[in-house]
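Please keep the structure open while reading.

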Amino acid sequence: MSSGNISFVKDFFIVGFPGLQPEYYGVVAALLLFAYVCILVGNGTFIALFTLEKCLHKPMYYIILNLVVSDLLFSTTTLPKIIARYWFQAGSISFTGCFIQMYFVHYFGSVSSVILAIMAYDRYVAICNPLRYPNIVTKLDIFCLCLAAWVLTHACPLMMAIRAYPLPYCAGNTIIHCYCDHISITSLACTNRALYGVPAFAFAMVVLLSPLAFIVFSYCAIIVAVLRISTTQGRLKSFSTCSPQLIIIALYFLPRCFIYLSSNIGINFSTDLRLVIIMLYSLFPPMINPLIYCLRTKDVKETLLKRIKVSMNPLFIPTKVNVSTVCV
């Protein structure tokens, strides 16, 4: 183990897309910056609406708030560095800084996964036990569940970083990725990676598949409950209350499952294509989720429209909106 305490690498260099030609660096940097601004504006808008409007202080929106914060922190952890790499050729990151970024990448990903499972639980109770929903799902309950998601998911990413940090890194310092993660870092170690990669893969599967299994179970129960509704209008209304959450969950889990499973069933991608897919499923949900909140959720949509009308016409006096409690 003494050799594991010696590292020949003092810093790392984030390559990004290895096949990208230098003349396109500015275009990619501009696209990534645009994505980052959209994430900041969209999610920041929801946080502002949640803070200013008491009508949004309901369990469902507390869950969305936690997901918004996780998305913002994940994007802020990953995007500024890769933007600087392509815009200012500043791809170098310190040895310790790379491990800190790795920890937060896996941590915020884990938090989002558990928060989505909590969202599925909320929808399950709302559809399957609508009369008991206010008593079963309270703001205190959601606060405790979300707090547990933020606290308990610390352990595995921290352990991954602690185990990988003292390895001997003498196989180069180029990170073939847009940010530091466990695979890209430990692949540079001059040691048997299986001892560290297998536990990390097992952790990834637990974090990905455990919430996904619960989500699938919840929505199967929801579908069964909805199909038992006698009227077509009632079924459509029930499905519409779940559609925003279902879209968000699909955007998060389906691409990740595809990437993890493709390597095990013989589907191979070029490095650049794989990184494009990873960046899409890392950035697209934080960009599109605020649109889903605002366009598919009645409370947020009406609150946003009210705020826009007030800002455009200071003399506008908003009327009290009758908001359905089913969608929350």
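## Sheet

Strand E1 (residues 11-14) and E2 pair in the antiparallel sense, over three bridges. Helices (H or I, at least four residues) and strands (E, at least two) are DSSP runs, numbered from the N terminus, and two strands count as paired if DSSP finds at least two bridges between them. Phe 12 has Ile 93 in E2 as its bridge partner. Helix H3 (residues 95-128) packs on the sheet, where it touches E1, E2 and E3, and its direction makes about 90 degrees with that of E2. Contact here means heavy atoms within 4.5 Å. Axes are lines fitted to C-alpha atoms, for helices over the stretch in contact, and angles run from 0 to 180 degrees between N-to-C directions.

The sheet is open, with three strands in the order E2-E1-E3 and mixed pairing. Its edge strands, E2 (92-94) and E3 (174-175), each pair on one side only. In general, strands of a sheet pair through backbone hydrogen bonds, either parallel or antiparallel. Helix H2 (residues 59-88) lies across E1 and E2 and runs at about 75 degrees to E1.

## Basis of the model

This is a predicted model, in which local features need pLDDT of at least 70 and side-chain atom pairs count only at pLDDT 80 or more, while totals for chains, interfaces and linings use all residues. Residues are numbered from 1 along each chain as its sequence is written, and side-chain values use heavy atoms, with hydrogens and water left out.

## Largest pocket

The largest pocket holds about 980 Å³ of space. The search uses a 1 Å grid over the protein atoms alone: a cavity is a set of points where a 1.4 Å probe fits but cannot get out, a pocket is an open set with protein on both sides within 12 Å along at least five of seven lines, and lining residues have an atom within 4 Å of a point. Grid points are joined across faces, edges and corners, and a volume is the space filled by probe spheres set on the points.

The lining of the largest pocket has 40 residues, of which Asp 181, Ile 183, Tyr 260, Arg 274 and Tyr 281 lie nearest the centre. Two or more lining residues come from each of H3, helix H7 (182-186), helix H8 (194-227), helix H9 (232-262) and helix H10 (271-296). H8 has the largest share, eight residues. By class the lining of this pocket has 21 nonpolar, 15 polar and four charged residues; Ala, Val, Leu, Ile, Met, Phe, Trp, Tyr, Cys and Pro count as nonpolar, Asp, Glu, Lys and Arg as charged, and the others, Gly among them, as polar.

## Second largest pocket

About 290 Å³ of space lies in the second largest pocket. Its lining divides into twelve nonpolar, no polar and no charged residues. Among them are Phe 17, Val 28, Leu 31, Phe 34, Val 276, Met 279 and Phe 284. Helix H1 (25-52) and H10 each give at least two of the lining residues, and H10 gives the most, with six.

## Cavity

How many cavities of 30 Å³ or more does a search of the whole structure find? The search finds one. The largest cavity has a volume of about 120 Å³.

Of the 15 residues that line the largest cavity, Asp 71, Ser 112, Tyr 252, Arg 256 and Pro 286 lie nearest its centre. H2, H3, H9 and H10 each supply at least two lining residues; H10 gives the most, with five. The lining of this cavity has nine nonpolar, four polar and two charged residues.

## Helix packing

The axes of helix H6 (residues 155-164) and H8 come within 11 Å and cross at roughly 170 degrees. That makes H6 roughly antiparallel to H8. Angles under 35 degrees count as roughly parallel, over 145 as roughly antiparallel, 65 to 115 as roughly perpendicular and the rest as oblique. In this contact, Cys 156, Pro 157, Met 160 and Arg 163 of H6 meet Leu 195, Tyr 196, Pro 199, Ala 200 and Phe 203 of H8. These residues divide into eight nonpolar, no polar and one charged.

For H1 and helix H11 (residues 298-312), the axes come within 11 Å and cross at roughly 90 degrees. The two helices, H1 and H11, are therefore roughly perpendicular to each other. Thr 45, Phe 46, Leu 49 and Leu 52 in H1 meet Val 300, Thr 303, Leu 304 and Arg 307 in H11. The contact of H1 with H11 has five nonpolar, two polar and one charged residue.
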